[in-house]
Amino acid sequence: MLVRLRKNLTEPELAAVHGLARQLGLRPRFLDGTSDLLQLDGRSGPDHRSRFEDLSAVEAILDPGEARERFQRAAGQPDTVIAVGEGRFGGGNVTLIAGPCAVESPERLLEIARGVRERGATVLRGGAYKPRTSPYSFQGTREKGLEMLARARLETGLAVVTEVLDPRDVGAVSEIADMIQIGSRNMANSALLQEVGRSTKPVLLKRGFAATLREFLLAAEYVLAGGNSQVVLCERGIRGFDPSTRNVLDVGAVAALKRMTHLPVIVDPSHASGRADLVRALSRAGLAAGADGVMCDVHTAPSEAHCDGHQAISLDEFARIAADARVLAALDQRSVMHCTEVVR
Ligand code: PEP
Ligand code: MN
């Protein structure tokens, strides 16, 4: 690892650098003729970079060397492929996730699930626990919602992704869900990240709406470091200044993330735009930028939706997005997953 130190360090600051190096079993040596370029020789692990970054003496890590974080894509490293039911993310596989923002009733969920399955989704989304901005808004159907998701999976063969808000619910959600969602508001909740890191279920980690890519990737690192290697990243829009759209889909982030990490990256054009009429255009943009999947809010009666009805698209619009996805994926020799399992 190569580190640049700040100029004019005090004795205690320099001693802290040497102390940490000793503690981690690394041999520090200044590069010829410099008092600020410090090479740390020896075996270093993914945690070493952050430990040095924490020191006040350190200005920048110029080369992490072996102190590479788990999310990082090494030169030539292939995509990590993550399977969720019949869905596959990464390695040339594109998966469409669709469903209501919130799980509302068994009949509605089943109607939407059957509709999106027929039109090309392999994973059903739906929040049972909803992270609402106002404490007075609909908070979700909770345990009953989990049961409704389990039934929809049984009836349709779709895999299920649903959000967890509280570390205490990770066990119950893991029992039902094929994939656990960490929402934008919880991206930096380290207790929750550590808890899903102990789960064996794949995690869908949504980008915090004001998170840098490094912060986003370090949130994924919490899960990876906890022992769960299955993390799919989701770009869902960042805060902008223009209220014309709910958020700003950061398409550049998708392309950049695909280089920075071997983990799959998908887009959520629904929460990014907040507008049903823009979801198709943003889905195309995300896929063109290299996204390994798209997650859309779909509803059969958006005006009756308990939350985010204005951004929910119809089944017909979802079918158009699925058709677009097949064309765009083929441009890069990729393919869109579909359900093959026969259901009753
Ligand atoms: C969601 O996908 O249901 C959701 C709440 O999204 P976000 O966390 O991105 O706001
Ligand atoms: Mn929503």
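Reply: A crossing of two helices is called right-handed if the near helix is turned clockwise from the far one by less than a right angle, and left-handed if it is turned anticlockwise. With that in hand, let's look at this model, which is predicted.

Me: Thanks! How is a pair of packed helices described in general?

Reply: Two packed helices are described by the angle between their axes and by the distance between those axes. Take helix H7, residues 213-225, and helix H8, residues 251-260: they pack at an angle of about 50°, and their axes are 11 Å apart. That angle makes H7 oblique to H8.

Me: And what is the hand of the crossing where H7 passes H8?

Reply: H7 passes H8 in a right-handed crossing. On the H7 side the contact uses Leu213, Phe216 and Leu217, which meet Ala253, Ala256, Leu257 and Met260 of H8. By residue kind, this contact has seven nonpolar, no polar and no charged residues.

Me: Which residues meet where H10 packs on H11?

Reply: Let's begin with the geometry. The axes of helix H10 (residues 276-288) and H11 come within 10 Å and cross at roughly 20°. Angles under 35 degrees count as roughly parallel, and so H10 is roughly parallel to H11. Their crossing is right-handed. From H10 come Val279, Arg280, Ser283, Arg284, Leu287 and Ala288, and they meet Glu317, Arg320, Ile321, Asp324, Ala325 and Leu328 in H11. This contact divides into six nonpolar, one polar and five charged residues.

Me: At what angle do the axes of H3 and H4 cross?

Reply: They cross at roughly 40°, with the axes of H3 and helix H4 (residues 142-156) coming within 10 Å. H3 and H4 are therefore oblique to each other. The crossing is right-handed. H3 brings Pro106, Leu109, Leu110, Ala113, Arg114 and Arg117 to the contact, while H4 brings Met148, Leu149, Arg151, Ala152, Glu155 and Thr156. Sorted by kind, the residues are seven nonpolar, one polar and four charged.

Me: Now for strands. In what order do the four strands of the open sheet lie?

Reply: When you read a sheet, look for the order of the strands and the direction of their pairing. Here the order is E2-E3-E1-E4, and the pairing is antiparallel. Strand E2 (27-30) and strand E4 (58-63) stand at the edges with a single partner strand each, so one side of each has no neighbour in the sheet. From one strand to the next, the twist averages 30°.

Me: How many bridges join E1 to E4?

Reply: Four bridges join strand E1, residues 2-5, to E4, and the two run antiparallel. For one pair to find in the model, look at leucine 2, whose bridge partner in E4 is aspartate 63. Helix H1 (residues 11-23) packs on the sheet, where it touches E1, E2 and strand E3 (37-41), and its direction makes about 140° with that of E2.

Me: Last one: which residues coordinate the manganese ion?

Reply: The manganese ion (ligand 2) is coordinated by Cys101 through SG, His271 through NE2 and Asp308 through OD, at 1.9 to 2.3 Å. In sequence these donor residues are spaced C-x169-H-x36-D. Distant parts of the chain are linked here: cysteine 101 lies in the loop between strand E7 (93-99) and helix H3 (106-118), and aspartate 308, 207 residues apart from it, lies in the loop between strand E14 (293-297) and helix H11 (315-331).

Methods: Residues numbered from 1 in each chain as written. Chains lettered and ligands numbered in written order. Predicted model: local features only at pLDDT ≥ 70, side-chain atom pairs only at ≥ 80, totals over all residues. Heavy atoms only, no water. Axes fitted to C-alpha atoms, helices over the stretch in contact; angles between N-to-C directions. Parallel < 35°, antiparallel > 145°, perpendicular 65-115°, else oblique. Contact = heavy atoms within 4.5 Å. Nonpolar A, V, L, I, M, F, W, Y, C, P; charged D, E, K, R; others polar. Pairing = 2+ DSSP bridges. Donors = N, O, S within 2.8 Å, 3.2 Å for Na, K, Ca; no water.
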